[in-house]
Amino acid sequence: MASSETSATPLDAANLDPDAGTKYDFPRDLVGYGRHPPDAQWPKGAKIAVSFVINYEEGAERNVLNGDSVSETALWEQIDRPPREGERAINAESDYEYGSRVGIWRMLNLFEAHKMPITCYAVGQALEKNPAVAQALKEGGHEIASHAYRWIDYHDMPPELEKEYIVRQLEVLKRLTGQYPVGWYYGRLSPKSRGLVHEVYKEMRTPLLWESDSYCDDLPYWVDVPAEKDSEKPEGMLMVPYTYDNNDLKFHSATGAFSPQQFFEYLQGAFDTLLAEGQAGEPKMMTIGLHCRIIGKPGRFQALKRFVEYISSKPAGQAWVTTRVQIAEHWRSTYPYQKGKR
């Protein structure tokens, strides 16, 4: 009679992580802060820190004009359309252009009217094609962070080439803004990206205050950097988690085709939950991810406007609407890095 138990099969060597034990090997952490997270101690006793992020990507997406083999298919109004191979997709191009021509200004006007600083995840090539946006962000007191030089998938890019792109991005943002970005978010990163970003910043002797390729927490947290394992003075990497759920990409996603009303209600629910936790003694942070060509469209824009007005109506001091660098600087001061600790 055959046994009901199945024998364990040995691990297939082909499925083992090729980066294990290398400078790219950032381990997973499924425990986090647990049931009792640290007190964020937000400035002036705020119960929640709110970070609005504008992803500025227009003009840096896949396009044969940029040397790509196919056109862009992600995050535009007809994502069911297949890519054009070896030729331009004029409709997709034009939809992206709405974000750089109209959407970005509609959004900045709203935030500046409410005196709310935002963080811009800026793709270098996109800003190069519309430097007026970089100037407006600087004049408006907003943070310009890195969203890589191209808005493409870096997953299969050779590390040597990816490193060249990181260096190019830093140089472009320095030229356009006057300073290197202190924060980084890829979105379409490779398994080696975090290690490469850390390496380039060190080689260029410029500070990396935060990294946001994480979605696993409602608070910043520290991670050890594999390349620093033998360092006498390791600095760690501060992760300031980003979001896929409080994000207007849901309008173009099969997992959440929201109406503007539903999007507002979702953001409202997230804010109310986190505010209540803060009022109970465990302050958190909330990130809202936005795209110029998505929430910048008139019909969807009302959801963002309503949410901005909603949090503005709360009693003064409850919500700290701020940039990611300010959150990072606060966390670094309140909870300095200690090797092996979050």
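Biologist: Which helix holds glutamate 93, and what makes a run of residues a helix here?

Modeller: Glutamate 93 is found in helix H1. Helices (H or I, at least four residues) and strands (E, at least two) are DSSP runs, numbered from the N terminus. Helix H1 spans residues 90-113 and has 24 residues, so it meets the requirement of at least four. This is a predicted model, in which local features need pLDDT of at least 70 and side-chain atom pairs count only at pLDDT 80 or more, while totals for chains, interfaces and linings use all residues. Residues are numbered from 1 along each chain as its sequence is written, and side-chain values use heavy atoms, with hydrogens and water left out.

Biologist: How do you know whether glutamate 93 is buried or exposed?

Modeller: Buried means under 20% relative accessible area, exposed over 50%, and partly exposed in between (1.4 Å probe, protein chains only). Glutamate 93 has 8% relative accessibility, so it counts as buried.

Biologist: What does glutamate 93 touch, and what makes a pair a contact?

Modeller: Contact requires heavy atoms within 4.5 Å. Not counting residues up to four places away in sequence, glutamate 93 touches Asn63, Leu65 and Arg88. Its C-alpha atom is separated by 8.8 Å from that of glutamate 61, 32 residues away along the chain.

Biologist: What covers the buried residues of H1?

Modeller: The cover includes S1, helix H3 (131-139), strand S8 (284-291) and helix H7 (298-312). Among the buried residues of H1 are Tyr96, Met107, Leu108 and Phe111.

Biologist: How does the reach of H1 compare with what is expected?

Modeller: The expected span is 1.5 Å times one less than the number of residues. H1 reaches 34 Å from its first C-alpha to its last, close to the 34 Å expected.

Biologist: Where does H1 bend, and what is the angle taken between?

Modeller: H1 bends by about 45 degrees at valine 102. The angle is taken between axes fitted to the seven residues ending there and the seven starting there.

Biologist: How many aromatic pairs does the count give, and what makes two rings a pair?

Modeller: Rings of Phe, Tyr and Trp (its six-membered ring) pair if their centres lie within 6.5 Å; planes under 30 degrees apart count as stacked, over 60 as edge-to-face and the rest as tilted. By this rule there are 22 aromatic pairs. One of them joins tryptophan 42 and tryptophan 331, at 6.0 Å centre to centre and 50 degrees between the planes, which is tilted. Tryptophan 42 lies in the segment before strand S1 (48-56) and tryptophan 331 in helix H8 (residues 324-334), so the pair ties together parts that are 289 residues apart in sequence. Tryptophan 42, at 3% relative accessibility, counts as buried, and tryptophan 331, at 1%, counts as buried too.

Biologist: Why are tryptophan 184 and tyrosine 186 called an aromatic pair, and of which kind?

Modeller: Their centres are 5.6 Å apart and their planes 55 degrees apart, so the pair is within the distance limit and falls in the tilted class. Tryptophan 184 is buried at 0% relative accessibility, and tyrosine 186 is buried at 3%.

Biologist: What makes a set of residues a nonpolar core, and which residues have the most contacts inside the largest one?

Modeller: A core is a set of buried Ala, Val, Leu, Ile, Met, Phe, Trp, Tyr and Cys residues joined through side-chain atoms within 4.5 Å. The largest has 100 residues, and those with the most contacts inside it are Trp42, Phe52 and Phe111. Ring pairs also link Phe52 and Phe111 into a cluster with Phe264, Phe271, Phe307 and Tyr310.

Biologist: How do you know that lysine 174 lies over the face of tyrosine 180?

Modeller: A charge sits over a ring if NZ of Lys or CZ of Arg is within 6 Å of the ring centre and within 35 degrees of the ring normal. Lysine 174 is 4.6 Å from the ring centre of tyrosine 180. The charged end of arginine 293 sits over the ring of tryptophan 151, 5.5 Å from its centre.
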